[in-house]
Structure formats: C-alpha cells, structure tokens
Amino acid sequence: MVGSALASQTPWLVEPERKTCRSCGGTNLTTFLDLGTTPLADRLVRPNQFDEPDPEAPLTVALCEDCALVQIRETVAPEVLFGDDYPYFSSVSPALMAHTRANALELIESRRLDSNSKVVEVASNDGYMLANFAERGIPVLGIDPAKGPAEAAMKRGIRTLHTFFGRDLAWQLRGEGEMADVLIANNVLAHVWDLNGLVEGIGALLKDDGVAVIECPYLADLIAHCEFDTIYHQHLCYFSVTAAANLFRRHGLFLQDVRRVAIHGGSLRMYAGRQDQQSSAVTRLLAEEAAAGMGDPAYYEAFAGRVEAVRRGMRAILEELKESGARIVGYGAAAKATTLLSYCGIGLGDLEYIVDLNPYKHGRFMAGNRIPIVPASRLAEDRPDYCVLLAWNFASEIIRQQSAYVGAGGRFIVPVPVPEIVR
C-alpha cells in the first residue's frame, strides 16, 4: 500500500519500488544504497516556475544476485525525464566531441564504411556523433526522444527520428530496409525502462555481420572512485561486463570485445554482434569481476559508508570556508549535480550560483535549491574564491578553460572520490 500511495502522490513515478530485475526478471534484489528523496535530474527551473514544487522521488540502489546487474528500484516515466524540455546537448563539451570523433574515425577505417554502408545511432542527441560519418558520405540515421537535441541534429543535416527507440520501432525500420552495419548506442543502455526491448531492437536492426558499439559508465569505476552522483533517475542501470554479457546473450547477441575508456569517470566501450566470439579483453574483465566478487552484495557493503564520508567531507569544507568569509560557487549544472547537491544538503546558503557552458541552461535554476545558472564567463569576471567542480568528469578540461580564474587566485573543490581543494 505504501508504494501505491507514493505513486498516487507522484504521478511521474510509475514504479515506486521495483521487485524484479530489469534485465533477467529475477526477484533476488538486494538494496545497498539509499540516497534519499531527490529532485529529478535535468529538470532545470525556468523563472516562471520558481514558486512551483519540483518533482522528486526516492533514489535507492540494488544488486540483482542472479545476473549481477546493479539498478535503481524507482522508475520515473521516460516522457517526464526526456521530454521536450530536456537540456542536455552533447556538443557543448569539446572533450566529448573529440572522444566520439576518434571513435567514429576508427569505426570508418576498421569496418571499411562507405556510401553503401548504414550507421544508426540510438539516443543520437544533437547529431554530434553521426556528423563524423555524414561528412564522409556515409548514410546515417539518428533516433532521439528529446525535441531540442533532435531538432538541432536535423538543422545540421543529420536525418533524425524524434521518438523513443525500442523493439516495435526497430522491427518497423527493419521492415523498411533500415539495417545497420554499425549501430551506436552511447550512454543510453543505462537510461531505458524496457531494457530487454532496447537490446532486442538493437539485434533486430543489425545486419548479420554488423556490430553494435555501446558505451556506458563502468560500475567498477563508479564504486572504486565513489562516483555516487552519477546515480540519478535517468540512470536506471549500472553495468559490469558480466551483467552486460548476460543481457546481450539473452537476445542472441554476444559481447565480442570491450575497452575501458576514461570518459565520464570511467566507461566501457562494448562491441556486440551475432557471432559467438570473445576477445581476450572480455575474458580478462569477466575473470577480474568474478575475482572481485562484483556479483556479491559484500562487494558493495563499504560503498555506502564511503558515500556518507563524501557528504560529511563536503559539508565540513563548505562550513569552514563560509566561516572564513569565502565566496563559493559551482561549475556544471549537470544531472549528477542534482544528486550531489541534494544528498549533501548544498543550497543557496552554500553556493551563490552555478556556471555552465550550455546557453540553453542560462537563466534557469537548479531544482530543489533554486541556485541560479549563469554563463561560464562569469567565473573569471566575478572571481569568487572557490568553485565546486560539480562536472568533475571534465575537470581537466574545465580547469584548462578557466586559466584566467585560476591565475587570479581562484581554487576548485573536487567532491569525489574524497572532497579536496585543488589548484
């Protein structure tokens, strides 16, 4: 009855407490982390919404002991999370642009892609990845449910379907001859409510000799580096190689190769296809995960304590700096910032404002605490004493961009894995 009551009070929360695994359907779920009730990430507040209550929901994390998938137990309606007001545009980050371009150019060469090939991208955002193929004359198709990014992609000439991807759309496209030599799915595997429908759809669109190239944050890095703020309602699942291989195999796909890449605090780039062949890298990581016990709740026991230590550490730093009269702001109105600010109890009394490169976010406010979001140029102009790196996954890029701020004596606070003041 508690779940039903909560759902009626929060209509955007379509599943208050999941009882079965999102991948295998098993019931052997063990909760190991509770981040409390948080605002929905990326729900940035417009000035005319300032006095309206923010959608929020509990955020708890569990391990499926049957297939090793880590997942949150709450499900928010995807139309709410990825609707017309979705503010994330991938091309804002030069580091991400360089990362994806290198991947695209490598795929063009290794797969010998040309005008007779087809590249399909699921969650193609503003077309930043597919543009690298299109400029070489390779036919592309993007699929994305967020109106703003999808329209931006179409304006740059990238053929894009503004819709959600799943098994039904995949079989429709297959029937229309839209088969992929390469299907790209970067940072979408973790976001999808119907996980099995997504993977079935990927398999449906792949040619017999095609390859699916899938990136997602790596669970081992999340745990090792205490990246708890990457847990939010858009991220339903958190993948190990073991959990991904189990999921793919269930749909007639096989994890053929895998690489660890540094983007987003540590990610996996996985290559899946119809042939049951496995590289030494896959074999090695599966063995490492088994030896570490990543399918066992004991592996995650200390994680919750380390997360709490980050909260205590951040509060201690901020309180000490405020007592000294220091001015403090934030950098990066990212989705992960919502979790960190909420869990650590950081609000307007701690940060004067948050700067961000994305002009789409300027003039808005963070959900839950109403911290204003302003252009990144404000940092060098205003010269606050300290800046919390909320977008810590781009720390090197940000610090390099803000050399004028650093040169004027500004210092950054990095919250994870252990809060510390740098520069």
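**Surroundings of a strand residue**

Analyst: In this predicted model, Asn-186 touches Thr-100, Glu-121, Val-122, Tyr-128, Met-129, Val-213, Ile-214 and Glu-215, leaving aside residues up to four places away in sequence.

User: Where is the place of Asn-186, and is Asn-186 buried or exposed?

Analyst: The place of Asn-186 is in strand E9, which covers residues 180-186. Buried means a relative accessible area under 20%, and because the relative accessibility of Asn-186 is 5%, Asn-186 counts as buried.

User: Which residues of helix H5 are buried, and which strands do the buried residues of H5 pack against?

Analyst: Helix H5 spans residues 147-155, and Gly-148, Pro-149, Ala-150 and Ala-153 are buried in it. After H5 comes Gly-157, which has a positive phi near 90°. The packing partners of the buried residues of H5 are strand E7 (140-144) and strand E8 (160-162).

User: How are the axes of helix H6 and helix H7 oriented, roughly parallel or roughly antiparallel?

Analyst: The axes of H6 (residues 167-175) and H7 (residues 195-205) come within 8 Å and cross at roughly 10°. Since angles under 35 degrees count as roughly parallel, H6 and H7 are therefore roughly parallel to each other.

User: Which residues make the contact of H6 with H7, and how do they divide into nonpolar, polar and charged?

Analyst: On the side of H6 the contact is made by Arg-167, Ala-170, Trp-171, Leu-173 and Arg-174, while H7 contributes Asn-196, Gly-197, Glu-200, Gly-201, Ala-204 and Leu-205. These residues of the contact divide into five nonpolar, three polar and three charged.

User: How many aromatic pairs does a search of the whole structure find, and what is the geometry of the pair formed by Tyr-299 and Tyr-300?

Analyst: A search of the whole structure finds six aromatic pairs. In the pair of Tyr-299 and Tyr-300 the ring centres are 4.8 Å apart and the planes make an angle of 80°. With planes over 60 degrees apart counting as edge-to-face, the pair of Tyr-299 and Tyr-300 is edge-to-face.

User: What are the phi values of Asp-42 and Arg-112, and is each buried or exposed?

Analyst: Asp-42, in the loop between strand E2 (29-39) and strand E3 (56-64), has a positive phi near 65° although the residue is not glycine. Arg-112, in the loop between helix H3 (94-110) and strand E6 (119-122), also has a positive phi, near 50°. Because its relative accessibility is 10%, Asp-42 counts as buried, whereas Arg-112, at 72%, counts as exposed.

User: Where is the place of Pro-417, and which residue does a cis peptide bond join to Pro-417?

Analyst: The place of Pro-417 is in the loop between strand E18 (411-414) and strand E19 (420-422). The cis peptide bond has an omega of about 5°, and the residue it joins to Pro-417 is Val-416.

How values were computed
Residues numbered from 1 in each chain as written. Predicted model: local features only at pLDDT ≥ 70, side-chain atom pairs only at ≥ 80, totals over all residues. Heavy atoms only, no water. Buried < 20%, exposed > 50% of the residue type's maximum accessible area, 1.4 Å probe, protein only. Helix = DSSP H or I, 4+ residues; strand = E, 2+ residues; numbered from the N terminus. Contact = heavy atoms within 4.5 Å. Phe/Tyr/Trp six-rings, centres within 6.5 Å; stacked < 30°, edge-to-face > 60°. Axes fitted to C-alpha atoms, helices over the stretch in contact; angles between N-to-C directions. Parallel < 35°, antiparallel > 145°, perpendicular 65-115°, else oblique. Nonpolar A, V, L, I, M, F, W, Y, C, P; charged D, E, K, R; others polar.
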